[in-house]
Amino acid sequence: MPDVTTEASHPLYVPLTVPQTAGPRRRRPPAPPVPALRLAPERLRTGIVAGAGAVGLLWGLQARPSARLDVLFASGAHLTGLLGGYGVLVLLLLMARVPAVEHGVGADRLARWHGLGGRYVLGLIAAHAVLALCGHAVHTHADLVTATGDLLSYGAIAAATAGTALFAAVGITSARSVRRRLRHETWRAVHLGALLAAALGFVHQLAGPDIAGGLLTRWLWSMAHATVAVLLLWYRIVVPARAALRHDLRVAEVRDEGPGVVSVLVRGKGVDQLRAEPGQFFRWRFLRRGLWATALPFSLSAPVRDDTLRITVKALGDHTRRVRRLRPGTRVLASGPFGALTAHRRTRRKVLLLAGGVGITPLRALFETLPGGPGDVTLLYRASDASAVVLREELESIARERRAALHFLLGPSDGSFDPLAPRALRNLVPDLAAHDVYLCGPPAMARAATASLRRAGVPASRIHSEDFDHA
């Protein structure tokens, strides 16, 4: 049993510490998969900016300087339209689930870039529409209502207007206040409309002077759209379907882990070919009533062994509650692996794993597999009380076998003492600033822990986290 110590000045905070004693020799963890190709975030960002610069250059080469008001409006409309069309391609690429991008950048960062980029793209599209309308009104000496009717008589412009309406619907449903009120399936269906919107916008762009004016420009623009379309089709439809046929994944066992928490073991054929790394997640689609329509993102809670994948799920909503009622033999579609919360981010010999709640699942797999000697790996697990600790026996066994430090930080989140405050963290991990930190937990806890780690001297570049609410 672990030693239990209580800080008398803070009776609500009870740290449980597993002593670092040598235990029986454990079986060697499975060999890590072959490293995947990864595109660094900085390179992707540089590529996106360079592409925007090339679009601006294309506009500049075709622009004709003039002081006439209608020409100024038209020039602005052309620039915002080109940048808006390019931005749509970037947004689709970010969500295409290309493995090199997912593994190098991380699903949560991609989702944040997608959300931020979406706001810019909507702004560019709106600016394009307003500038084009004003330019046409000035050129024809018509009022805005008449100019609007005149423009909508053109088929390509009518298509672009329909696409703009679809993009606006996507933007509105992506607002947090709206998304919280929508069922996930509804939100997903609205987002699929972005594909139709992109196609309608492409039709409009091919009819415009900036693209239609030259054969080379039209060919390059068409190839860019075709490439993104192929990537979307391949990685979001073909690859998952091929994996489902090749690996024949099925639920092997559903195991109770505690109040409202279960582990699901999924077994298949040649699962090692998926090249899943500890810390990564899949999007799971269980082919049973109430679950088949939704792909649920769950991390692996153990390394892949014997063609078996394991996830550990806490009942937090309708879908997760249904997971505990799965039966052995249920077919499973799993797309992935995704995520960059893996060993490749490590830059220091010493590593701190900091988990909150069910965020322990990817860190439990890393706790077992990250290379290191005694004292090199430390796990801090924040939970409200002992009943909320998930996979406790496994964590204690791993800590004893590899002589790693393990601390359970138990206490209410609104207590008078914060076990994740900078001083408290340094007391538990004296050389904290020399560690890499892997962090996973509820968004509020992750934000607070990140701020504390920064104040404790850990550089932002060595705090590795993934927010699966955005994944």
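These legends describe close-up views of a predicted model. Local features need pLDDT of at least 70 and side-chain atom pairs pLDDT 80 or more, while totals for chains, interfaces and linings use all residues. Residues are numbered from 1 along each chain as its sequence is written, and side-chain values use heavy atoms, leaving out hydrogens and water.

**View 1. Trp221 in helix H10.** Helix H10 spans residues 215–247 and holds Trp221. Helices (H or I, at least four residues) and strands (E, at least two) are DSSP runs, numbered from the N terminus. Trp221 is buried, at 8% relative accessible area. Buried means under 20%, exposed over 50%, and partly exposed in between (1.4 Å probe, protein chains only). Phe202 is 19 residues away in sequence, yet its C-alpha lies 9.1 Å from that of Trp221.

**View 2. Asp248 and Arg331 form a salt bridge.** A salt bridge puts a side-chain nitrogen of Lys or Arg within 4 Å of a carboxyl oxygen of Asp or Glu. Here the closest N and O atoms are 2.9 Å apart. The pair links distant parts of the chain, 83 residues apart. Asp248 sits in the loop between H10 and strand S3 (250–258). Arg331 sits in the loop between helix H11 (318–323) and strand S8 (332–338). Arg331 is partly exposed, at 31%.

**View 3. Asp431 and Lys350 form a salt bridge.** Their closest N and O atoms are 2.8 Å apart. The two residues are 81 apart in the chain. Asp431 is partly exposed, at 30% relative accessibility. Lys350 is also partly exposed, at 22%.

**View 4. A network of salt bridges links five residues: Arg305, Arg310, Arg364, Glu368 and Glu394.** The structure holds eleven salt bridges.
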